[in-house]
Amino acid sequence: MELLTQTYLLLWKDLLLELRRRDSVLTMFFFGTLLLFVFHFSFDLPPDKVAEMAPALLWLAFLFTGTLGLAQLFQAERENHCLDALLLSPLDRGALFLAKTSFNLILMLLVEIIVMPLFWILFNLSGWNLLPQLFLVTLLGTIGFCVLGTIMSALTLRARARELLLPLVLFPLMIPVILATIRCMESVLKNGEFGDAASWLKLLLGFDVIFMTVGVLIFDWVIES
Amino acid sequence: MRLTVNKLAKAYGFLWALRELNLDLPAGAFVALLGPNGAGKTTLLKLLAGLIAPTTGAIQFDGTTVTGNDPKARKQIGFLAPADHLYENLTVRENLRFFTSLYQRNDRAANIEAALETVGLAQRRDEFVGNLSSGLKCRVSIAKWQLLQPGLLLLDEPYGVLDGNGVDLLERFLRSHCEYGHIVIMASHHVSRALKLCNRAVILHQGRLSFDEAKQQPWPSFAQAFNEFLPHGESWNS
């Protein structure tokens with residue numbers, strides 16, 4: 001119960017700070033939109049190849065956009081040594097992990113809610129009725145990205161070239177999530193259902209649960225190392 | 001309430017910042033932590049706060065190991081960094097509300113208002129901390145620790161950013177904090193000011209404890225240690 005109260009308190013603080021600064025969400029939104037337009041004008045996808053290529057392009061946009069958000073994740077804590085103030089307090093480090101993950105998830109979902117329909121329009125995709133299934137896959141993939149991203153962002157917090165280091169350590173570990181989301185989306189776009197890709201969906205769910213648990217348990221060590 | 005430091009040492013790579021340090025402070029102790037630059041004062045404060053882990057040795061406060069990651073011990077330790085540890089884009093009141101909630105104090109708004117009144121910031125309660133000067137930020141920090149009442153309060157060079165009124169305010173707060181039986185350790189280069197307040201002086205020199213005595217009047221041993229270990233830029237009057 002205490003863990004949830006502390007998580008809520010930290011999340012409230014982060015959302016309030018973001019509402020006042022708006023730098024993360026606006027940067028992410030503009031960058032995501034810009035990438036979509038670049039992809040749109042660079043690739044002239046034939047209709048029979050769209051279902052194969054579209055998920056990869058969409059996830060590429062989400063990955064780059066999300067990495068921008070992760071780079072800013074502990075910005076407020078870096079100013080005025082506020083991280084020390086948090087570490088000094090009786091705060092459960094697991095709450096800090098949950099709050100930062102939730103905050104990043106909220107930002108990414110806000111961007112995705114706008115970017116995904118835009119992608120749909122730009123690439124002339126048919127079947128708007130598939131959007132709920134695609135949103136489900138995107139949600140699970142985004143949770144995986146945020147969970148692992150928060151751990152890696154905290155690990156590289158004190159590194160000198162952290163903006164460069166973060167994607168280098170994060171992207172290889174994200175391969176299972178990227179593969180699973182792309183396979184699931186491809187299956188939904190081609191067949192209108194998960195079909196054989198259901199096993200990828202289970203992998204995605206398993207990844208989220210495992211790394212969420214691991215994050216809560218090891219964040220203590222991660223943030224202090 | 002007692003602080004016990006046993007054979008504490010901290011190395012950064014091959015450099016020993018602190019070596020074989022032992023301290024035993026009873027309730028109500030007010031320690032002036034003195035020493036030249038690079039003597040290990042800030043390292044000692046960070047170790048006592050649990051912000052860094054010692055290479056060897058142990059710290060116990062009120063029966064709990066500080067170096068272990070115990071929230072109960074952390075709740076009892078405060079670190080007053082003059083213009084730090086506050087969120088710039090939260091208002092003065094929001095900062096105080098956030099930190100009191102984090103320490104599960106859940107102070108009523110009236111207590112926060114009273115603390116702000118004490119530090120002379122009642123009129124600026126809704127201003128962003130980022131818009132305040134360093135001196136005013138230090139006053140917000142004083143209000144914060146006044147509300148949180150830690151059993152062990154650590155201060156790192158608090159005089160640098162405060163004006164005359166601010167110094168009076170800080171000293172009033174620290175005196176009353178010790179009267180409640182709490183322990184205060186203040187690192188400072190303002191030797192005469194620190195000695196007026198303290199009831200014990202500790203001098204660090206090249207990471208070693210060179211002097212540790214309760215205050216006396218007169219104090220010839222301190223005068224000797226002062227001449228031996230401290231920079232002579234400032235005069236000291238017993």
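The model is predicted: local features need pLDDT of at least 70, side-chain atom pairs count only at pLDDT 80 or more, and totals for chains, interfaces and linings use all residues. Residues are numbered from 1 along each chain as its sequence is written, while chains are lettered from A and ligands numbered from 1 in the order in which they are written.

**How confident is the predictor?**
- pLDDT is the predictor's confidence in each residue, on a scale from 0 to 100.
- Chain A averages 90, with 100% of its residues at 70 or more.
- Elements here are DSSP runs numbered from the N terminus: helices (H or I) have at least four residues and strands (E) at least two.

**Where the chains touch**
- Chain A puts 19 residues in contact with 19 residues of chain B; contact means that C-beta atoms, placed from the backbone, lie within 7 Å.
- On the chain A side, α1 (2-21) and α5 (82-88) each supply at least two of the touching residues.
- That side of chain A has nine nonpolar, seven charged and three polar residues. Nonpolar covers Ala, Val, Leu, Ile, Met, Phe, Trp, Tyr, Cys and Pro, charged covers Asp, Glu, Lys and Arg, and the others, Gly among them, are polar.

**Helix pairs in chain A**
- Helices α7 (131-155) and α9 (175-191) of chain A pack at about 180 degrees with their axes 10 Å apart. Axes are lines fitted to C-alpha atoms, for helices over the stretch in contact, and angles run from 0 to 180 degrees between N-to-C directions.
- That makes α7(A) roughly antiparallel to α9(A). The labels go by angle: under 35 degrees is roughly parallel, over 145 roughly antiparallel, 65 to 115 roughly perpendicular, and the rest oblique.
- The residues in this contact include Gly141(A) and Gly144(A) of α7(A), plus Cys184(A) of α9(A). The contact has seven nonpolar, four polar and no charged residues.
- Helices α2 (23-42) and α3 (47-71) of chain A have axes that come within 9 Å and cross at roughly 155 degrees, so α2(A) is roughly antiparallel to α3(A).
- Phe31(A) and Phe39(A) are among the α2(A) residues that meet α3(A), where Phe64(A) is one of the partners. By class, there are nine nonpolar, five polar and no charged residues.

**A helix pair in chain B**
- The axes of α4 (109-118) and α5 (134-148) of chain B come within 9 Å and cross at roughly 135 degrees, so these helices are oblique to each other.
- Residues that meet here include Ile112(B) of α4(B) and Leu147(B) of α5(B). The contact divides into five nonpolar, three polar and no charged residues.

**Strands in chain B**
- Four strands form an open sheet in the order β2-β1-β4-β5, with antiparallel pairing. Two strands pair if DSSP finds at least two bridges between them.
- β2 (15-25) and β5 (64-65) of chain B are the edge strands, each pairing on one side only.
- Seven bridges join β1 (3-12) of chain B to β2(B), and Leu3(B) has Leu25(B) as a bridge partner.
- Helix α1 (41-49) of chain B lies across β1, β2 and β4, at about 60 degrees to β2(B).
- Elsewhere, β9 (200-205) and β10 (208-214) of chain B run antiparallel, joined by six bridges. Their hairpin has two residues between the strands, and Gln206(B) takes a positive phi near 50 degrees.

Key. Two residues are in contact if their C-beta atoms, placed from the backbone, lie within 7 Å.
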